[in-house]
Amino acid sequence: MWAFPNGNIIMKGEGHTDWLSGCCFHPSGTKLVTSSGDTTVRIWDFAKGGCILTLQGHSYAVWDCSWHSCGHFVASASMDKTSKVWDLNSERCRYTLRGHKDSVNSIEFLPFSNIILTSSADKTLSLWDARTGLCAQTFCGHLHSCNHATFNMKGDTIVSCDSYGVLKLWDIRRGVPMVSIDAGPHPGNQVAFDPSGRIVALASNDGTVKTLELKSGHLSSLLGHEDEVQSVVFDHKAEHLISGGSDGTVRIWN
């Protein structure tokens with residue numbers, strides 16, 4: 001864990017026995033949840049300087065994890081075709097979300113709600129009700145495996161990317177793609193909205209970070225990584241974009 005923007009290392013922790021696929025901060029910033037190829041989800045406490053809880057239940061690698069805004073629940077997505085909602089008070093799985101026909105590649109709670117968004121290798125996105133564990137809506141339109149999907153800050157729009165680099169923007173209420181942009185042919189690994197919701201960033205397998213201005217439809221590329229770009233995130237003030245790549249670097253862009 002690094003301080004921003006000076007890049008000083010604040011903390012390190014070991015515990016997973018295989019690659020890490022995702023991490024998400026507790027809403028208060030005091031803890032972290034991580035997902036891993038070792039099939040587990042782990043909770044880390046910064047005050048204690050290590051892992052305080054290991055959640056076991058998935059049968060294959062876990063691709064992603066997300067923390068509910070209340071701080072009491074964590075969601076995870078796995079290659080075993082299921083997602084899980086974990087109750088951290090009881091330290092047990094509350095619900096297993098079944099419905100996707102292939103690996104579930106990403107998972108995210110809609111901010112300040114009980115709605116969960118998943119994307120899957122079965123080419124679909126789904127919305128789930130975390131209170132019942134049931135699927136509320138499925139979005140069809142991608143022709144290839146969906147690698148990632150996320151909400152904008154308002155929570156009325158979803159952006160998703162697939163293994164051929166196609167970006168789709170979805171109106172949640174209507175459930176249909178509003179815009180489809182071909183940023184391929186290389187896979188898109190992760191997408192992110194900036195806080196204003198006017199710009200989308202895409203981590204691409206061609207080694208670039210692509211940015212899409214939604215109003216104009218203008219697509220541009222940020223060059224710098226020397227290998228595939230795996231993740232992108234905007235800072236809360238939208239002054240910087242942060243990307244992580246297979247070249248072993250984290251890069252900060254103005």
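The legends below describe close-up views of a predicted model.

**View A. Lining of the second largest pocket.** The second largest pocket holds about 200 Å³ of space. Its lining consists of 13 residues, and those nearest the pocket centre are Ile 199, Thr 211, Phe 234, Leu 241 and Asn 254. Strands β19 (208-213) and β20 (218-223) each contribute at least two lining residues. Sorted by class, the lining comprises six nonpolar, four polar and three charged residues.

**View B. A nonpolar surface patch formed by Trp 19, Tyr 60, Trp 63 and Met 79.** The patch covers about 410 Å². Met 79 is located in the loop that joins β6 (73-78) to β7 (82-87). With a relative accessible area of 34%, Met 79 is partly exposed.

**View C. The salt bridge between Asp 87 and Arg 94.** The model contains four salt bridges, and in this one the closest N and O atoms are 3.1 Å apart. Asp 87 counts as buried because its relative accessibility, 10%, is under 20%. Arg 94, at 42%, is partly exposed.

**View D. The salt bridge between Asp 129 and Arg 131.** Here the closest N and O atoms lie 3.2 Å apart. Asp 129 is buried, with a relative accessible area of 16%, whereas Arg 131 counts as exposed at 54% relative accessibility.

**View E. The salt bridge between Asp 206 and Lys 210.** A distance of 2.5 Å separates the closest N and O atoms of this pair. Asp 206 is partly exposed at 32% relative accessibility, while Lys 210, at 8%, is buried.

Conventions. Residues numbered from 1 in each chain as written. Predicted model: local features only at pLDDT ≥ 70, side-chain atom pairs only at ≥ 80, totals over all residues. Heavy atoms only, no water. 1 Å grid on protein atoms, 1.4 Å probe; cavity = no way out; pocket = protein on both sides within 12 Å on 5 of 7 lines; lining within 4 Å. Points joined across faces, edges and corners; volume = space filled by probe spheres on them. Helix = DSSP H or I, 4+ residues; strand = E, 2+ residues; numbered from the N terminus. Nonpolar A, V, L, I, M, F, W, Y, C, P; charged D, E, K, R; others polar. Patch = residues over 30% accessible without salt bridge, like charges linked within 9 Å, V, L, I, M, F, W, Y side chains within 5 Å. Areas by Shrake-Rupley, 256 points an atom, 1.4 Å probe, with all protein chains shown as cover. Salt bridge = Lys/Arg side-chain N within 4 Å of Asp/Glu carboxyl O. Buried < 20%, exposed > 50% of the residue type's maximum accessible area, 1.4 Å probe, protein only.
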